[in-house]
Amino acid sequence: MNSNDIAVYLHIPFCVKRCLYCDYVSTTDLSLKAKYFNALSKEIALKGEKLKGRKVRTIYFGGGTPSFVEEEFILQTFRSLQEHMDLSDLEEFTIEVNPESVNEKKVQFYKEIGINRISMGFQSTSDKILKTVGRSHDFNKGLESYKLLTSFYDNINIDFIVGLPYENFETVNSNLEFIEKMKPSHISYYLLDSSHDTPLKHFLEIKEMKLPEDDLVYDLLDYIYDQLKKLQYNRYEISSWSLPQKECIHNQFYWYNLDYVGFGVSAGGHINNERYVNTSDVKAYITKLNNEELPYDTKNANDEFAELLETLFMSLRLTKGITYDSLVQRFSKNVVDNVLNQLKNNLEEYISIDDSIKLTTKGLNFSRFVFEKLLDVSPT
Ligand SMILES: C[S@@+](CC[C@H](N)C(=O)[O-])C[C@H]1O[C@@H](n2cnc3c(N)ncnc32)[C@H](O)[C@@H]1O
Ligand code: SF4
């Protein structure tokens with residue numbers, strides 16, 4: 001990656017309905033849609049001014065549900081990017097779609113504006129699971145939409161979640177059969193995170209819903225890893241598998257802690273060692289931009305230690321990790337060595353430290369534990 005390159009993320013916070021497990025910022029209230037997109041264009045204009053000379057390598061429309069909004073809003077946003085940013089080296093352009101809101105006209109339009117990668121949220125092939133967690137589609141709708149996508153694209157990611165209520169070997173096998181038949185070029189297989197304040201967490205607390213036992217979920221994870229390997233998928237990040245040369249380029253900006261700019265509510269960015277997160281409140285976002293103000297919730301400059309720790313935190317998600325050489329090119333050798341010594345002493349079984357710094361197999365399986373422990377590393 002050239003150090004002048006940046007990635008662009010745009011958050012589209014509208015959904016048909018809210019899924020019970022979801023903690024991402026989105027709303028089903030569409031009354032502010034037009035105002036939101038005008039504010040988004042304004043944010044692009046304001047931040048674009050400050051990013052003159054930087055070349056956009058990837059664009060990612062995420063959400064929420066970008067496929068739920070009309071084409072005119074995606075076009076307006078894309079035109080703003082064209083006007084205010086340098087897209088001459090654009091390599092990867094992704095949009096997230098949901099099965100119930102994507103259709104042929106929209107996919108045709110995505111193709112026309114240069115979108116070259118699609119990410120579709122499937123989550124499960126089990127209708128019982130989909131219905132229980134409040135998805136707006138069933139398996140057949142998912143299959144129909146996936147087939148539609150394949151008539152336009154061969155660069156398609158499918159999202160699955162493991163560990164939802166009613167998950168068992170049968171439901172996971174059905175997901176794997178779908179993958180084997182359809183052969184998407186990329187798969188994101190996430191472990192359910194039920195720690196956030198969501199309706200799912202509430203239903204679990206009042207015992208109206210139940211998750212599969214942890215032991216079963218760990219067995220399922222092992223099984224998924226083995227089966228996807230047999231299907232020629234390479235696990236290159238904790239939750240990401242791809243066929244050869246189909247790794248996601250956009251996410252590598254996050255994983256190597258490179259520079260990226262986020263537009264929209266709740267979007268985060270990391271530019272020149274500064275990290276920011278935008279407000280999560282749609283109304284506040286619109287008001288601030290109407291007043292020509294950037295909609296930050298937080299914005300901090302990282303010192304070298306914080307920047308290094310963030311870089312390790314993110315790059316340890318990659319199965320190949322990060323090389324020692326690339327760390328000492330970016331950071332002072334003594335700061336790097338101090339941090340790596342602490343990791344050696346405290347996380348030896350979980351992190352291998354050599355020419356590359358990466359998680360061991362045990363570390364990959366217990367990555368949440370490793371990331372918690374990383375917070376204990378101190379600057380001295
Ligand atoms: C930001 S969401 C948006 C995608 C799209 N709206 C959808 O629902 O398919 C991206 C992905 O994050 C994953 N995700 C969302 N909530 C999750 C949770 N609580 N635990 C694990 N994965 C989650 C899902 O796989 C989802 O497809
Ligand atoms: S999982 Fe996707 S569709 Fe469901 S509420 Fe979250 S962003 Fe919306």
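**Helix H1 and its neighbours**

Reply: Let's start with a pair of helices: H1 and H2 pack with their axes 9 Å apart, at an angle of about 10 degrees. An angle under 35 degrees counts as roughly parallel, so that is what H1 is to H2. Keep in mind as you look that this is a predicted model.

Who does the touching? On the H1 side you'll find Lys33, Ala34, Phe37, Asn38, Leu40, Ser41, Ile44, Ala45 and Gly48, and they meet Phe73, Gln76, Thr77, Ser80, Leu81 and His84 of H2. Sort the residues of this contact by class and you get seven nonpolar, seven polar and one charged.

Now turn to another partner of H1. Helix H1 (residues 33-50) and helix H10 (residues 282-290) have axes that come within 9 Å and cross at roughly 50 degrees. That angle makes H1 oblique to H10, and the crossing is left-handed. From H1, the contact uses Lys35, Tyr36, Ala39, Leu40, Lys42, Glu43 and Leu46, while H10 brings Val282, Tyr285, Ile286, Leu289 and Asn290. Here the classes come out as eight nonpolar, one polar and three charged. Spot Leu40 while you're there: it is listed in the contact with H2 and also in the one with H10.

H2 has a further partner as well. Helix H2 (residues 71-84) packs with helix H3 (residues 104-112) at an angle of about 10 degrees, their axes 11 Å apart. H2 and H3 are therefore roughly parallel to each other, and H2 passes H3 in a right-handed crossing. Glu71, Ile74 and Leu75 of H2 touch Lys105, Lys106 and Phe109 of H3. This contact has three nonpolar and three charged residues, with no polar ones.

Next, follow the chain back to the loop between strand E2 (55-63) and H2, which is where glycine 64 sits. The peptide bond joining glycine 63 and glycine 64 is cis, with omega at about 20 degrees. Gly64 also turns up around ligand 2, in a group with Cys15, Lys17, Arg18, Cys19, Tyr21, Cys22, Thr65, Asn98 and Arg135. By class, that shell splits into four nonpolar, three polar and three charged residues.

Tyrosine 166 is in the loop between strand E5 (156-162) and helix H6 (169-182). Its phi is positive, about 75 degrees, even though tyrosine 166 isn't a glycine.

Asparagine 272 has a positive phi too, of about 50 degrees, and it belongs to the turn of a hairpin made by E10 and E11, with two residues between the strands. Strand E10 (residues 268-271) and strand E11 (residues 274-278) run antiparallel and are joined by four bridges. One pairing to look for is isoleucine 271, whose bridge partner in E11 is glutamate 274.

Three bridges connect E14 to strand E15 (residues 356-359), and serine 352 has lysine 358 in E15 as its bridge partner.

Terms used. Residues are numbered from 1 along each chain as its sequence is written. Chains are lettered from A and ligands numbered from 1 in the order in which they are written. This is a predicted model: local features need pLDDT of at least 70, side-chain atom pairs count only at pLDDT 80 or more; totals for chains, interfaces and linings use all residues. Side-chain values use heavy atoms; hydrogens and water are left out. Two strands pair if DSSP finds at least two bridges between them. Axes are lines fitted to C-alpha atoms, for helices over the stretch in contact, and angles run from 0 to 180 degrees between N-to-C directions. Angles under 35 degrees count as roughly parallel, over 145 as roughly antiparallel, 65 to 115 as roughly perpendicular and the rest as oblique. A crossing is left-handed if the near helix is turned anticlockwise from the far one by less than a right angle, and right-handed if clockwise. Contact means heavy atoms within 4.5 Å. Ala, Val, Leu, Ile, Met, Phe, Trp, Tyr, Cys and Pro count as nonpolar, Asp, Glu, Lys and Arg as charged, and the others, Gly among them, as polar. A residue is near a molecule or strand if one of its heavy atoms lies within 4 Å of it.
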